[in-house]
Structures are given as structure tokens and as C-alpha cells.
Amino acid sequence: MTDSQEKNSNIKSLRTKWLSWTLLFFILYATLRYIVFKGVDPVHFPLYIVNKIISISGIFFLAASYAIGKAEWLSFESKSKQNQLIKYLGLVGFSLISMHVFISLIIISPEYFPKFYEGNMLNFKGELSMLMGVFSLFCFTIPAIATIPFMQEAVGIKKWQKGQRMGYLGLLTSLFHTGVMGVSGWIDIEKWPGYLPPITLIGTIIAIIPLYLKFVKKNSG
Ligand code: HEM
């Protein structure tokens, strides 16, 4: 094996580790919070709980993809290695979030999500939160398409960079998606199953980090 082949295989195993450890962490977290402490029937693990695991892992990867370029304390061997990791994290995040959307559309109903409904119709919270989710998905679709080979040459660098920046709007709208649906349950810590913070709160905090690094830290530096 040549030096560069060895380096590439090291990078691949590092990426697989990132993915496995993140998924494992959120599998344990969601199982503990919802099945062990909240008492959700394990029958609902395959869609209801898995949906929570992949949505939070998805936003984690998307946020990491945008944060990595802005975190000055992170150093990379080269710009191309950094770009490879940014692309990998973004595409994994986008794939997980796409699965989240499919699963959500299968299970969304008053029985699964009574807080989003009034009778058989979505209430204002349900509609607003879903609208933010749809808008966020749209925003992330553009940078995902931009990763297709030759897109940069096809649309020109300026438009391509604009497309990449749509991800920040995606993060902002995902923050409203999770915020609108979850904020009422964030304050009463006593009611958190096993005192574990809600996944909506964790998702909102995760989405804030790259936005903070991009817009607040940049202007204060
Ligand atoms: C068509 C678009 C979308 C739909 C229909 C949708 C639907 C839903 C639903 C129904 C929930 C509640 C799940 C639950 O409480 O078990 C949810 C939660 C969540 N969504 Fe989405 N979503 C969409 C897009 C997105 C996008 C683009 C992101 C992130 C970039 C995202 C991230 C999350 C997160 C982190 C949660 C919190 C999970 C939890 O508390 O269990 N969603 N979404």
C-alpha cells in the first residue's frame, strides 16, 4: 500500500468511527430517555424512536459540517482534507435528515403527536413547525446538489458559494422547526424523563453553534 492509499484508508476509518459513535450515542440516549424513563412501548422503536435518533444525528452532522470550517482551533493537514471532511459530514447529515423526513411523513398523526393536533387537523404549532422543517430541507438540498461533480464549473464559483451558504438558512429554520415544537417542554426540568434534556433542545443548541461561529464570533473578532 502506498503512503497516500494508507492515508486515505485512515481517513475512511476515522469517518466510519465518527458515524458509528454518533449513532451509538444517540441510540443510547433516545432509548434511555424515551423507553427506560418515559415508558414508551419498545414496539415503537423502529420508526418513532429511530426517527428521533436519525433526526438528531442528522442535525449534528450538518452543524458539524458548517462549524468545522469556522472553528479556528481545529487544524488540518491541508485545505483539501478539510474540504473532504466538510463534504462527508454534510452529505451524511443530509442523508439522515432525508430519512427523518420520510419516517416523519409515515408516522405523523394525532395518535403519535397529539401536541401538533386539534382533532384531526394540525394546530398552529404543528403547521408552523412542519413549515420550518420543509423550508430547512429545501435549504439543505441546494448545497447537497452543489456537491455533484462539475457543479462548481457548471454554475460558476459565485453562485456555487451562494448555494453552500443556503445551509446557514437551513440551520436557522431547523432551529425554528425544533424550537416551535419543543420550547414548551424545555423549562420544566422536573418533567424531563430521567432528567435528560429533550432532543428538540439538544437539536436547537447544536444548530446554534455554527450560526454563532459564522455570524456572532466573526463580527466580534
Ligand atoms: C419535510 C420536512 C420535515 C418534516 C415533515 C419533519 C417532521 C418532524 C416531526 C414530525 C418531528 C417530531 C418527531 C418527534 O418528536 O418524535 C420532527 C422533529 C425533529 N426534526 Fe424534523 N421534519 C422535517 C425536516 C427537518 C429538518 C430539515 C431537520 C434538520 C435539519 C429536522 C430536524 C429535526 C429534529 C432535530 C427533531 C427533534 C427530534 C425529537 O425531538 O425527537 N427536521 N421533525
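# Close-up views of a predicted model

**Figure 1. Overall fold of the protein chain.** Seven helices and two strands make up the secondary structure of the protein chain. The model is predicted. Read along the sequence, the elements follow the pattern α-α-α-β-β-α-α-α-α. The C-alpha trace spans about 60 × 40 × 35 Å along its principal axes. Of the 221 residues, 28% are buried. Among contacts with a separation of 6 or more, 73% join residues 24 or more positions apart.

**Figure 2. Packing of helix α3 against helix α4.** Helix α3 covers residues 79-107, and helix α4 covers residues 124-146. The two pack at an angle of about 145°. Their axes lie 11 Å apart. The crossing of α3 and α4 is left-handed. From α3, the contact takes in G90, L91, F94, I97 and V101. From α4, the partners are L137, F140, P143 and A144. By class, the residues of this contact are eight nonpolar, one polar and no charged.

**Figure 3. Shell around the ligand.** The ligand is surrounded by 25 residues. The closest are K52, S104, G133, I199 and G203. Five elements are listed as giving two or more residues to the shell: α2 (45-68), α3, α4, α6 (157-182) and α7 (199-220). Helix α2 gives the most, with seven residues. The shell divides into 12 nonpolar residues, 12 polar residues and one charged residue.

**Figure 4. Surroundings of K125.** K125 lies in helix α4. Its contacts beyond four places in sequence are K115, F116, V180 and M181. One of these, V180, is 55 residues away from K125 in sequence. In space, the C-alpha atoms of K125 and V180 are 6.4 Å apart. Is K125 exposed or only partly exposed? K125 counts as partly exposed, because 17 C-beta neighbours fall inside 10 Å.

**Figure 5. Positive phi at F150.** F150 is not a glycine, yet its phi is positive, at about 75°. The residue sits in the loop between α4 and α5 (151-155). F150 is exposed, because it has 7 other C-beta atoms within 10 Å; the cut-off for exposed is 12 or fewer.

**Figure 6. Positive phi at Y195.** What is the phi of Y195 near? The value is near 55°, which is positive in a residue other than glycine. Y195 is placed in the loop between α6 and α7. With 10 C-beta neighbours inside 10 Å, Y195 counts as exposed.

Key:
Residues numbered from 1 in each chain as written. Predicted model: local features only at pLDDT ≥ 70, side-chain atom pairs only at ≥ 80, totals over all residues. Axes fitted to C-alpha atoms, helices over the stretch in contact; angles between N-to-C directions. Helix = DSSP H or I, 4+ residues; strand = E, 2+ residues; numbered from the N terminus. Left-handed = near helix turned anticlockwise from the far one by under 90°. Contact = placed C-beta atoms within 7 Å. Nonpolar A, V, L, I, M, F, W, Y, C, P; charged D, E, K, R; others polar. Near = placed C-beta within 6 Å. Buried ≥ 20, exposed ≤ 12 C-beta atoms within 10 Å, placed from the backbone.
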